[in-house]
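Me: Please take a close look at a single part of this structure. Then show me where that part sits in the whole.

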Amino acid sequence: MNALDGIIVLDFSQFLAGPSAALRLADLGARTIKVERPQGGDNGRRLVFENLISDGDGVLFHTINRNKESFCADLKNEKDLEIVKALIKKADVIIENFRPGVMDKLGLGYDVVKKINKEIVYASVTGYGSKGPWVKRPGQDLMVQSISGFVNLNGDDGDLPTPAALAMADAFAGIHLAEGILATLFRRFRTHEGGRVEISLLESIMDVQFEVFATYLNDGHQPPKRAKIHNAHPYLGAPYGLYKTKDDCIALSMGSVPLLGELMELPQLKIYDNPSVCFEKRDEIKAIIEDRMMQKTTAEWLEILEKGNYWCSEVLDWKQLLESPVFKHLDMLIHTGRPGHRDIVTTRCPIRINGEKNMSSKWAPSLGEDTEKITKEFNLLDNKEGAK
(Lines give C-alpha, C1' and ligand atoms only; values in the text may rest on other atoms or scores of the structure.)
Protein backbone atom coordinates (compact mmCIF):
# COMPACT_ATOMS: atom_id res chain seq x y z
CA MET A 1 0.00 0.00 0.00
CA ASN A 2 1.33 3.44 -0.96
CA ALA A 3 1.36 6.27 1.57
CA LEU A 4 -1.37 8.30 -0.18
CA ASP A 5 -3.62 5.47 -1.40
CA GLY A 6 -7.23 6.67 -1.37
CA ILE A 7 -6.38 10.36 -1.76
CA ILE A 8 -7.85 12.02 -4.88
CA VAL A 9 -6.06 15.05 -6.34
CA LEU A 10 -7.54 17.34 -9.00
CA ASP A 11 -4.71 19.04 -10.85
CA PHE A 12 -5.89 22.20 -12.64
CA SER A 13 -2.33 23.50 -12.98
CA GLN A 14 -0.06 23.94 -16.00
CA PHE A 15 3.61 23.97 -16.96
CA LEU A 16 5.90 23.00 -14.05
CA ALA A 17 5.38 24.23 -10.47
CA GLY A 18 1.84 22.93 -9.90
CA PRO A 19 2.18 19.79 -12.03
CA SER A 20 5.43 18.85 -10.26
CA ALA A 21 3.66 18.96 -6.88
CA ALA A 22 0.83 16.86 -8.31
CA LEU A 23 3.39 14.41 -9.70
CA ARG A 24 4.97 13.94 -6.30
CA LEU A 25 1.58 13.20 -4.74
CA ALA A 26 0.87 10.75 -7.57
CA ASP A 27 4.22 9.04 -6.98
CA LEU A 28 3.25 8.61 -3.32
CA GLY A 29 0.03 6.87 -4.28
CA ALA A 30 -2.58 9.59 -4.72
CA ARG A 31 -4.97 9.26 -7.62
CA THR A 32 -4.18 12.40 -9.59
CA ILE A 33 -6.56 13.71 -12.23
CA LYS A 34 -5.56 16.55 -14.54
CA VAL A 35 -8.57 18.74 -15.26
CA GLU A 36 -7.87 20.25 -18.68
CA ARG A 37 -9.71 22.42 -21.15
CA PRO A 38 -10.78 20.56 -24.30
CA GLN A 39 -9.04 23.12 -26.53
CA GLY A 40 -5.40 22.14 -26.15
CA GLY A 41 -5.32 21.23 -22.45
CA ASP A 42 -2.31 22.08 -20.28
CA ASN A 43 -0.11 24.59 -22.12
CA GLY A 44 2.81 22.49 -20.90
CA ARG A 45 1.93 19.96 -23.59
CA ARG A 46 3.47 22.40 -26.07
CA LEU A 47 6.61 23.23 -24.06
CA VAL A 48 9.26 21.42 -26.10
CA PHE A 49 13.00 20.98 -25.42
CA GLU A 50 15.22 20.15 -28.43
CA ASN A 51 12.16 19.28 -30.53
CA LEU A 52 11.53 16.15 -28.45
CA ILE A 53 7.87 15.25 -29.00
CA SER A 54 5.94 12.02 -28.53
CA ASP A 55 2.33 11.52 -29.60
CA GLY A 56 1.92 15.27 -30.09
CA ASP A 57 3.15 16.32 -26.62
CA GLY A 58 6.57 17.52 -25.52
CA VAL A 59 8.68 14.94 -23.71
CA LEU A 60 8.84 17.34 -20.74
CA PHE A 61 5.06 17.04 -20.41
CA HIS A 62 5.35 13.24 -20.44
CA THR A 63 7.93 13.25 -17.65
CA ILE A 64 6.13 15.66 -15.33
CA ASN A 65 2.63 14.30 -15.83
CA ARG A 66 3.21 10.55 -15.60
CA ASN A 67 1.01 8.60 -13.17
CA LYS A 68 -1.92 10.97 -13.84
CA GLU A 69 -5.28 10.80 -15.61
CA SER A 70 -6.74 13.48 -17.90
CA PHE A 71 -10.30 14.76 -17.58
CA CYS A 72 -11.54 17.36 -20.07
CA ALA A 73 -13.93 20.11 -19.03
CA ASP A 74 -14.63 23.61 -20.31
CA LEU A 75 -14.87 25.60 -17.10
CA LYS A 76 -16.57 28.45 -18.96
CA ASN A 77 -19.40 26.09 -19.90
CA GLU A 78 -22.08 25.91 -17.21
CA LYS A 79 -22.80 22.21 -17.75
CA ASP A 80 -19.11 21.26 -17.60
CA LEU A 81 -18.63 23.45 -14.54
CA GLU A 82 -21.39 21.61 -12.68
CA ILE A 83 -19.79 18.28 -13.60
CA VAL A 84 -16.45 19.49 -12.22
CA LYS A 85 -18.16 20.62 -9.02
CA ALA A 86 -19.58 17.11 -8.67
CA LEU A 87 -16.05 15.75 -9.08
CA ILE A 88 -14.78 18.18 -6.42
CA LYS A 89 -17.16 16.57 -3.93
CA LYS A 90 -15.20 13.35 -4.37
CA ALA A 91 -11.75 14.94 -4.15
CA ASP A 92 -9.29 15.57 -1.34
CA VAL A 93 -6.92 18.08 -2.96
CA ILE A 94 -7.13 20.77 -5.63
CA ILE A 95 -3.99 22.25 -7.19
CA GLU A 96 -4.09 25.36 -9.38
CA ASN A 97 -1.57 27.92 -10.62
CA PHE A 98 -3.63 30.41 -12.57
CA ARG A 99 -3.05 34.10 -11.98
CA PRO A 100 -4.82 35.30 -8.80
CA GLY A 101 -8.52 35.80 -9.38
CA VAL A 102 -8.88 33.49 -12.39
CA MET A 103 -10.33 30.55 -10.43
CA ASP A 104 -12.76 32.95 -8.73
CA LYS A 105 -13.95 34.20 -12.12
CA LEU A 106 -14.44 30.61 -13.25
CA GLY A 107 -16.58 29.92 -10.20
CA LEU A 108 -14.04 27.66 -8.50
CA GLY A 109 -12.34 29.98 -6.03
CA TYR A 110 -11.57 28.69 -2.55
CA ASP A 111 -14.61 30.27 -0.89
CA VAL A 112 -16.90 28.47 -3.35
CA VAL A 113 -15.05 25.16 -3.29
CA LYS A 114 -14.90 24.85 0.50
CA LYS A 115 -18.71 25.09 0.56
CA ILE A 116 -18.87 22.21 -1.92
CA ASN A 117 -16.39 20.14 0.09
CA LYS A 118 -15.35 21.37 3.53
CA GLU A 119 -12.52 18.84 3.71
CA ILE A 120 -10.81 19.97 0.51
CA VAL A 121 -7.15 21.00 0.61
CA TYR A 122 -6.98 23.86 -1.89
CA ALA A 123 -3.42 24.57 -3.05
CA SER A 124 -2.35 27.53 -5.19
CA VAL A 125 0.92 28.64 -6.78
CA THR A 126 1.40 32.27 -7.80
CA GLY A 127 4.35 34.33 -8.92
CA TYR A 128 4.41 36.88 -6.10
CA GLY A 129 1.46 36.14 -3.82
CA SER A 130 -2.32 36.31 -4.17
CA LYS A 131 -2.37 39.97 -3.11
CA GLY A 132 0.05 42.88 -3.32
CA PRO A 133 1.63 45.21 -5.87
CA TRP A 134 2.76 42.45 -8.28
CA VAL A 135 -0.38 40.35 -8.17
CA LYS A 136 -0.97 40.74 -11.93
CA ARG A 137 2.66 40.40 -12.95
CA PRO A 138 3.47 37.13 -14.76
CA GLY A 139 5.43 34.68 -12.66
CA GLN A 140 8.05 33.00 -14.84
CA ASP A 141 11.14 31.18 -13.60
CA LEU A 142 13.89 33.29 -15.22
CA MET A 143 12.12 36.48 -14.16
CA VAL A 144 11.82 35.25 -10.58
CA GLN A 145 15.46 34.12 -10.44
CA SER A 146 16.46 37.58 -11.65
CA ILE A 147 14.20 39.51 -9.29
CA SER A 148 15.22 37.42 -6.27
CA GLY A 149 18.95 38.17 -6.40
CA PHE A 150 19.74 34.50 -7.04
CA VAL A 151 21.51 35.33 -10.31
CA ASN A 152 24.06 37.45 -8.42
CA LEU A 153 25.42 34.36 -6.64
CA ASN A 154 26.58 32.51 -9.75
CA GLY A 155 29.50 32.92 -12.13
CA ASP A 156 32.81 34.63 -11.39
CA ASP A 157 33.33 38.21 -10.28
CA GLY A 158 33.02 40.44 -13.33
CA ASP A 159 30.64 38.09 -15.14
CA LEU A 160 27.07 39.12 -15.83
CA PRO A 161 24.57 37.84 -13.24
CA THR A 162 24.11 34.18 -14.07
CA PRO A 163 20.85 32.21 -13.75
CA ALA A 164 20.71 28.51 -13.01
CA ALA A 165 20.23 26.51 -16.18
CA LEU A 166 17.08 24.88 -14.85
CA ALA A 167 13.71 25.99 -13.50
CA MET A 168 14.84 26.58 -9.92
CA ALA A 169 11.89 28.66 -8.74
CA ASP A 170 9.30 26.36 -10.31
CA ALA A 171 10.92 23.20 -8.99
CA PHE A 172 11.20 24.38 -5.40
CA ALA A 173 7.72 25.92 -5.44
CA GLY A 174 6.44 22.48 -6.41
CA ILE A 175 8.33 20.89 -3.51
CA HIS A 176 7.05 23.49 -1.04
CA LEU A 177 3.50 23.13 -2.36
CA ALA A 178 3.60 19.36 -1.85
CA GLU A 179 4.91 19.88 1.70
CA GLY A 180 2.06 22.27 2.48
CA ILE A 181 -0.53 19.91 1.02
CA LEU A 182 0.76 16.96 3.03
CA ALA A 183 0.81 18.99 6.25
CA THR A 184 -2.77 20.18 5.69
CA LEU A 185 -3.93 16.65 4.89
CA PHE A 186 -2.33 15.45 8.14
CA ARG A 187 -4.17 18.16 10.09
CA ARG A 188 -7.41 17.19 8.33
CA PHE A 189 -7.26 13.72 9.84
CA ARG A 190 -7.63 15.38 13.26
CA THR A 191 -10.01 18.24 12.45
CA HIS A 192 -11.99 16.88 9.46
CA GLU A 193 -11.58 20.26 7.82
CA GLY A 194 -9.48 21.17 4.83
CA GLY A 195 -7.58 24.39 4.29
CA ARG A 196 -5.86 26.62 1.80
CA VAL A 197 -2.19 26.23 0.92
CA GLU A 198 -0.48 29.12 -0.90
CA ILE A 199 3.01 29.22 -2.36
CA SER A 200 4.65 31.89 -4.51
CA LEU A 201 7.66 31.41 -6.75
CA LEU A 202 9.40 34.39 -5.16
CA GLU A 203 8.92 33.12 -1.60
CA SER A 204 10.13 29.67 -2.59
CA ILE A 205 13.34 30.84 -4.23
CA MET A 206 14.03 33.16 -1.28
CA ASP A 207 13.66 30.20 1.05
CA VAL A 208 16.15 28.25 -1.08
CA GLN A 209 18.60 31.12 -0.58
CA PHE A 210 18.11 31.27 3.20
CA GLU A 211 21.74 30.61 4.15
CA VAL A 212 23.20 33.33 1.94
CA PHE A 213 20.30 35.79 2.29
CA ALA A 214 20.51 35.51 6.09
CA THR A 215 24.19 36.41 5.84
CA TYR A 216 23.29 39.54 3.90
CA LEU A 217 20.56 40.46 6.40
CA ASN A 218 22.93 40.13 9.35
CA ASP A 219 26.23 41.55 8.07
CA GLY A 220 25.12 45.13 7.52
CA HIS A 221 23.69 44.38 4.06
CA GLN A 222 27.04 43.80 2.42
CA PRO A 223 26.37 42.51 -1.10
CA PRO A 224 27.70 39.04 -1.96
CA LYS A 225 31.07 39.25 -3.69
CA ARG A 226 31.86 36.45 -6.10
CA ALA A 227 35.38 35.09 -6.36
CA LYS A 228 37.32 36.10 -9.47
CA ILE A 229 38.65 32.57 -9.84
CA HIS A 230 36.31 29.56 -9.88
CA ASN A 231 33.50 31.03 -7.81
CA ALA A 232 31.26 28.33 -6.38
CA HIS A 233 29.86 30.16 -3.33
CA PRO A 234 30.16 33.91 -2.71
CA TYR A 235 30.47 33.51 1.06
CA LEU A 236 32.97 30.64 1.24
CA GLY A 237 36.72 31.03 1.16
CA ALA A 238 39.40 29.04 -0.64
CA PRO A 239 39.69 26.35 -1.81
CA TYR A 240 35.93 25.94 -2.50
CA GLY A 241 35.40 25.58 -6.26
CA LEU A 242 36.19 23.68 -9.44
CA TYR A 243 39.72 23.48 -10.90
CA LYS A 244 41.17 22.32 -14.19
CA THR A 245 43.58 19.41 -14.00
CA LYS A 246 45.95 18.02 -16.61
CA ASP A 247 43.10 16.11 -18.29
CA ASP A 248 39.79 17.24 -16.81
CA CYS A 249 38.42 19.01 -13.69
CA ILE A 250 38.23 18.40 -9.97
CA ALA A 251 35.97 19.82 -7.25
CA LEU A 252 37.46 20.92 -3.94
CA SER A 253 35.05 21.38 -1.06
CA MET A 254 35.62 22.92 2.36
CA GLY A 255 38.87 22.06 4.08
CA SER A 256 42.09 23.31 5.62
CA VAL A 257 44.23 25.26 3.17
CA PRO A 258 47.51 24.36 4.97
CA LEU A 259 46.54 20.66 4.84
CA LEU A 260 45.78 21.01 1.15
CA GLY A 261 49.18 22.61 0.69
CA GLU A 262 50.81 19.68 2.44
CA LEU A 263 48.99 17.13 0.28
CA MET A 264 49.66 19.01 -2.94
CA GLU A 265 53.28 19.89 -2.02
CA LEU A 266 52.55 23.61 -1.94
CA PRO A 267 54.47 24.91 1.11
CA GLN A 268 53.40 28.50 0.32
CA LEU A 269 49.87 27.61 1.47
CA LYS A 270 51.03 27.05 5.07
CA ILE A 271 50.61 30.72 5.91
CA TYR A 272 46.88 30.67 5.14
CA ASP A 273 45.87 29.11 8.46
CA ASN A 274 43.04 31.51 9.35
CA PRO A 275 39.53 31.03 7.88
CA SER A 276 39.03 34.79 7.53
CA VAL A 277 42.27 35.08 5.56
CA CYS A 278 41.18 32.17 3.37
CA PHE A 279 38.10 34.22 2.46
CA GLU A 280 39.85 37.58 2.03
CA LYS A 281 42.70 36.07 -0.02
CA ARG A 282 40.67 33.41 -1.80
CA ASP A 283 41.59 34.52 -5.33
CA GLU A 284 45.28 34.59 -4.42
CA ILE A 285 45.05 31.10 -2.89
CA LYS A 286 42.98 29.71 -5.75
CA ALA A 287 45.53 30.92 -8.29
CA ILE A 288 48.28 28.99 -6.48
CA ILE A 289 46.14 25.84 -6.35
CA GLU A 290 45.11 26.18 -9.99
CA ASP A 291 48.70 26.26 -11.27
CA ARG A 292 49.59 23.13 -9.33
CA MET A 293 46.40 21.26 -10.32
CA MET A 294 47.36 21.49 -13.98
CA GLN A 295 50.43 19.31 -13.37
CA LYS A 296 48.56 16.04 -12.66
CA THR A 297 45.46 14.25 -13.89
CA THR A 298 42.20 14.19 -12.00
CA ALA A 299 42.70 10.52 -11.10
CA GLU A 300 46.17 11.25 -9.71
CA TRP A 301 44.89 14.14 -7.57
CA LEU A 302 41.92 12.13 -6.32
CA GLU A 303 44.24 9.38 -5.15
CA ILE A 304 46.43 11.86 -3.29
CA LEU A 305 43.65 13.93 -1.75
CA GLU A 306 41.37 11.04 -0.81
CA LYS A 307 44.23 9.35 1.05
CA GLY A 308 44.49 12.56 3.07
CA ASN A 309 40.70 12.52 3.72
CA TYR A 310 40.33 15.79 1.86
CA TRP A 311 36.85 16.51 0.51
CA CYS A 312 37.06 16.38 -3.27
CA SER A 313 35.40 14.75 -6.24
CA GLU A 314 35.66 14.25 -9.97
CA VAL A 315 33.42 16.40 -12.19
CA LEU A 316 31.17 14.18 -14.29
CA ASP A 317 28.96 14.85 -17.25
CA TRP A 318 25.67 12.95 -17.56
CA LYS A 319 27.18 10.22 -19.74
CA GLN A 320 29.83 9.54 -17.10
CA LEU A 321 27.25 9.67 -14.31
CA LEU A 322 25.05 7.10 -16.05
CA GLU A 323 28.04 4.76 -16.27
CA SER A 324 29.09 5.27 -12.65
CA PRO A 325 28.56 2.44 -10.14
CA VAL A 326 26.81 4.70 -7.65
CA PHE A 327 24.15 5.79 -10.14
CA LYS A 328 23.60 2.22 -11.26
CA HIS A 329 23.23 1.20 -7.61
CA LEU A 330 20.62 3.91 -6.97
CA ASP A 331 18.52 2.55 -9.85
CA MET A 332 16.91 5.92 -10.55
CA LEU A 333 15.61 5.48 -14.11
CA ILE A 334 12.14 4.44 -15.16
CA HIS A 335 10.56 4.00 -18.58
CA THR A 336 7.30 5.69 -19.40
CA GLY A 337 5.53 6.34 -22.65
CA ARG A 338 2.13 5.85 -24.16
CA PRO A 339 1.47 2.44 -25.69
CA GLY A 340 2.46 2.43 -29.35
CA HIS A 341 4.69 5.49 -29.03
CA ARG A 342 8.31 6.16 -28.16
CA ASP A 343 9.82 4.88 -24.94
CA ILE A 344 10.55 7.82 -22.64
CA VAL A 345 13.21 7.50 -19.96
CA THR A 346 13.08 9.71 -16.87
CA THR A 347 13.94 9.68 -13.17
CA ARG A 348 11.80 7.98 -10.56
CA CYS A 349 10.49 9.51 -7.35
CA PRO A 350 13.56 9.93 -5.08
CA ILE A 351 11.62 9.11 -1.88
CA ARG A 352 11.96 5.64 -0.35
CA ILE A 353 9.54 4.42 2.30
CA ASN A 354 10.53 1.38 4.38
CA GLY A 355 13.43 0.89 2.01
CA GLU A 356 11.18 0.51 -1.04
CA LYS A 357 11.89 2.47 -4.22
CA ASN A 358 8.85 3.87 -6.06
CA MET A 359 9.20 2.70 -9.66
CA SER A 360 5.69 3.64 -10.78
CA SER A 361 5.83 4.69 -14.43
CA LYS A 362 2.28 4.89 -15.84
CA TRP A 363 2.34 7.13 -18.91
CA ALA A 364 1.23 10.77 -19.00
CA PRO A 365 -2.32 10.79 -20.37
CA SER A 366 -3.31 12.07 -23.76
CA LEU A 367 -5.79 14.95 -23.62
CA GLY A 368 -9.10 13.72 -22.21
CA GLU A 369 -7.94 10.10 -22.15
CA ASP A 370 -9.87 9.34 -18.96
CA THR A 371 -12.87 11.67 -19.22
CA GLU A 372 -15.44 9.01 -20.05
CA LYS A 373 -14.10 6.52 -17.50
CA ILE A 374 -14.08 9.07 -14.65
CA THR A 375 -17.52 10.41 -15.58
CA LYS A 376 -19.01 6.91 -15.35
CA GLU A 377 -17.03 5.85 -12.28
CA PHE A 378 -18.14 8.83 -10.19
CA ASN A 379 -21.60 9.01 -11.78
CA LEU A 380 -20.97 12.69 -12.49
CA LEU A 381 -23.81 13.23 -14.93
CA ASP A 382 -26.52 11.93 -12.59
CA ASN A 383 -25.10 12.76 -9.18
CA LYS A 384 -24.16 16.44 -9.29
CA GLU A 385 -25.81 17.06 -5.95
CA GLY A 386 -24.33 14.07 -4.15
CA ALA A 387 -22.10 14.63 -1.11
CA LYS A 388 -18.61 13.27 -0.72
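Reply: Start with Tyr-216, which counts as partly exposed at 26% relative accessibility.

A word on the source. This is a predicted model, in which local features need pLDDT of at least 70 and side-chain atom pairs count only at pLDDT 80 or more, while totals for chains, interfaces and linings use all residues. Residues are numbered from 1 along each chain as its sequence is written, and side-chain values use heavy atoms, with hydrogens and water left out.

Now the rings. The whole structure holds three aromatic pairs. In one of them, Phe-213 and Tyr-216 have ring centres 6.3 Å apart and planes at 15 degrees, so they are stacked. The cut-offs are these: rings of Phe, Tyr and Trp (its six-membered ring) pair if their centres lie within 6.5 Å; planes under 30 degrees apart count as stacked, over 60 as edge-to-face and the rest as tilted.

Why are Phe-213 and Tyr-216 about one helical turn apart? They are three residues apart in helix H9, residues 210-218. An α-helix has 3.6 residues a turn, so residues three or four places apart point the same way. Helices (H or I, at least four residues) and strands (E, at least two) are DSSP runs, numbered from the N terminus.

Move on past H9. The loop between H9 and strand E9 (241-244) holds Pro-239. A cis peptide bond joins Ala-238 to Pro-239, with omega about 10 degrees. His-221 is in the loop between H9 and E9 as well. Its phi is near 60 degrees, a positive value in a residue other than glycine. Most residues other than glycine have a negative phi, and most peptide bonds are trans. His-221 is partly exposed, with a relative accessible area of 45%.

Glu-265 also has a positive phi, near 60 degrees. This residue is found in the loop between helix H10 (257-264) and helix H11 (275-280). Glu-265 is exposed, at 61%.

The largest nonpolar core has 31 residues, and Val-93, Ile-95, Leu-177 and Ile-181 touch the most other members. The elements giving two or more residues to this core are helix H1 (17-27), strand E6 (93-96), strand E7 (121-126), helix H7 (168-191), strand E8 (195-200) and helix H8 (201-208). H7 gives the most, with seven residues. A second, separate core of 26 residues includes Val-35, Ala-91, Val-113 and Ile-374. Such a core is a set of buried Ala, Val, Leu, Ile, Met, Phe, Trp, Tyr and Cys residues joined through side-chain atoms within 4.5 Å.

H1 is mostly covered, with 10 of its 11 residues buried. Among them are Ala-21, Ala-22 and Leu-25. Those three are in contact (heavy atoms within 4.5 Å) with Ile-95. After H1 comes Gly-29, whose phi is positive, near 115 degrees.

Finally, the whole. The protein chain has 16 helices and 15 strands. Its C-alpha trace spans about 85 × 50 × 40 Å along the principal axes. Of its 388 residues, 44% count as buried. Among contacts with a separation of 6 or more, 69% join residues 24 or more positions apart.

Technical notes
Buried < 20%, exposed > 50% of the residue type's maximum accessible area, 1.4 Å probe, protein only.
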